[in-house]
Amino acid sequence: MIISFSDSEVIEGNKSIFLAGPTIRNVDMVGWQKGGWRKEALEILKELGFDGVVYVPEFETPSPELDYKKQTHWEWNALHNSTVIVFWIPRIFPDLPALTTNVEFGYYLGIGKNVVYGRPDNAHKVRYLDMLYDLSASKKPFNSLRETLEVAIKETDKKIMC
């Protein structure tokens, strides 16, 4: 598994997963490095033997500085290059509102990108996303991160076989 973080160039691969969802922006809070949901996702992907590129829209090394424009362009490039976009939305207010995630979710579903969506049962205000996923993809959201990632891996393998 190759991890492509947003403080480096986008690593292109023919089998890739983008980990979309809320990002903690407060440097005093726990980020992916110390146990955020993306750290758990990377551990699960490794355990499941995923052998592609994983796009993580966070810095590999903590930094209080964020160039919004550069970060956004990195994300657009990685989202465009990804085989599958995993939307994991453990929305909680005020720490993980996932406001940009809402826009990305609707946009990438709308253009037909391969999206796999999950959220824990206690996620706040996801009913509209659940309905949109059902309408656009004829699928129900997954309620465990592991199951969401298992399906995403199967989807990347399907794309490679085509």
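Helices here are DSSP runs of H or I of at least four residues, strands are DSSP runs of E of at least two, and both are numbered from the N terminus. I worked on a predicted model.

**Entry 1: D67**

I started with a loop residue. D67 sits in the loop that links β3 (53-56) to α2 (68-81). A polar atom of the D67 side chain lies 3.1 Å from the backbone nitrogen of K70.

**Entry 2: the chain as a whole**

I counted the elements next. The protein chain has 5 helices and 5 strands. Along the sequence they come in the pattern β-β-α-β-α-β-α-β-α-α.

How does the radius of gyration of the protein chain stand against that of a compact globule? For 162 residues a compact globule would be near 15 Å, and the protein chain has 15 Å, so the two agree. The C-alpha trace spans about 40 × 35 × 30 Å along its principal axes.

I noted three further totals. Buried residues are 46% of the 162 residues in the protein chain. Of the contacts with a separation of 6 or more, 75% are between residues 24 or more positions apart. The protein chain exposes about 9,100 Å², and carbon and sulfur atoms supply 53% of that area.

**Entry 3: strand β2**

I went through β2 (residues 16-20) residue by residue. All of it is buried, 5 of the 5 residues, so β2 is largely enclosed by the rest of the structure. In a regular strand, side chains alternate between the two faces of the sheet. In β2, S16, F18 and A20 point one way, while I17 and L19 point the other way. The residues on both sides are buried.

Which strands does β2 join by bridges? One is β3, which runs parallel to β2 and is joined to it by 3 bridges. The other is β4, also parallel to β2, with 4 bridges. I picked out one bridge pair for each. S16 has V53 of β3 as its bridge partner, and A20 has F87 of β4.

**Entry 4: helix α1**

I looked at which residues of α1 (residues 37-47) are buried. They are W37, R38, A41, L42, I44 and L45. Their arc around the axis is only 165 degrees, so they are on the same side of α1. The face turned away from that buried side carries K46 and E47, which are exposed. After α1 comes G49, with a positive phi near 80 degrees.

**Entry 5: the loop between β4 and α3**

I checked the loop between β4 (84-88) and α3 (99-110), where P94 has its place. The peptide bond from F93 to P94 is cis, with omega near 5 degrees. A98 is in the loop between β4 and α3 as well. Its phi is positive, about 60 degrees, although A98 is not a glycine. Is A98 buried or exposed? A98 has 6% relative accessibility, and the cut-off for buried is under 20%, so A98 counts as buried.

L129, D130 and Y133 are buried in α4. Seen down the helix axis, the buried residues fall within an arc of 105 degrees, so they line one face of α4. They pack against α3 and β5 (115-118). On the other side of α4, the exposed residues are R127, Y128, M131 and L135.

S138 follows α4 and lies in the loop between α4 and α5 (145-161). Its phi is near 55 degrees, a positive value in a residue other than glycine. The relative accessible area of S138 is 61%, and exposed means over 50%, so S138 is exposed.

**Entry 6: T148**

What does T148 touch, leaving aside its neighbours within four places in sequence? The contacts of T148 are V86, W88, V116, Y117, G118 and F142.

How values were computed:
Residues are numbered from 1 along each chain as its sequence is written. This is a predicted model: local features need pLDDT of at least 70, side-chain atom pairs count only at pLDDT 80 or more; totals for chains, interfaces and linings use all residues. Side-chain values use heavy atoms; hydrogens and water are left out. A polar contact is a pair of N or O atoms within 3.5 Å; within protein, one must be able to donate a hydrogen and the other to accept it, and residues adjacent in sequence count only if both atoms are side-chain atoms. Buried means under 20% relative accessible area, exposed over 50%, partly exposed in between (1.4 Å probe, protein chains only). The arc is that of the directions from the helix axis to the C-beta atoms. The radius of gyration is taken over C-alpha atoms; the globule rule is 2.2 Å times the number of residues to the power 0.38. Contact means heavy atoms within 4.5 Å. Accessible areas come from the Shrake-Rupley method with a 1.4 Å probe; for residues, only the protein chains shown count as cover. Two strands pair if DSSP finds at least two bridges between them.
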